[in-house]
Amino acid sequence: MSHVTWEYYSSLHDTVKQEDFDRAESLAEKEVQRVIGWIRWANITEETFGHEQLKDCICNVIDKMAVDAKSGKGKGISSASNDGYSESYVVQTEEQLRSELQSSIRAWLSGTGLVGAY
């Protein structure tokens, strides 16, 4: 069961196209599941305290993953230059990128009880 529909996502964000949404939403939910834990995740319903915040978190994760993928974060690139334009990335490995994402998820779900004491 997906917690976020295309209609809900598109009412808040426009980073991911509709044809790419199902895959992006599934990947985002898997990242949130890793932080929450499989047992707690399995017990979440629409009546669960913090469910709306969870839906917003999943939408934020969808956007963050899409932006990171477009920018090349997590691909080992520390800087890039092209015809006078240059970029530098702080995150250089997939592990660092995942750690940054998981910290963001904990912050987004703070106060819901879904991620323990955060």
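Rings of Phe, Tyr and Trp (its six-membered ring) form an aromatic pair if their centres lie within 6.5 Å; planes under 30 degrees apart count as stacked, over 60 as edge-to-face and the rest as tilted.

| Aromatic pair | Centre to centre | Angle between planes | Class |
|---|---|---|---|
| W6 and Y9 | 5.9 Å | 40 degrees | tilted |
| Y9 and F21 | 5.5 Å | 35 degrees | tilted |

The model is predicted: local features need pLDDT of at least 70, side-chain atom pairs count only at pLDDT 80 or more, and totals for chains, interfaces and linings use all residues. Residues are numbered from 1 along each chain as its sequence is written, and side-chain values use heavy atoms, leaving out hydrogens and water.

Helices are DSSP runs (H or I, at least four residues), numbered from the N terminus. W6 and Y9 stand three residues apart in helix α1 (residues 6-12), separated by about one helical turn. Y9 lies in helix α1 and F21 in helix α2 (residues 18-36), so their pair ties together parts that are 12 residues apart in sequence. W6, Y9 and F21 form one aromatic cluster. Both Y9 and F21 are buried, a term for under 20% relative accessible area (1.4 Å probe, protein chains only).

With a disulfide defined as a pair of cysteine sulfur atoms within 2.5 Å, the count comes to zero. The sulfur of C59 is 9.2 Å from the closest cysteine sulfur, in C57, which is too far for a bond. C57 is buried, at 0% relative accessibility, and C59 is buried at 0% as well.

Notes: Buried < 20%, exposed > 50% of the residue type's maximum accessible area, 1.4 Å probe, protein only. Helix = DSSP H or I, 4+ residues; strand = E, 2+ residues; numbered from the N terminus.
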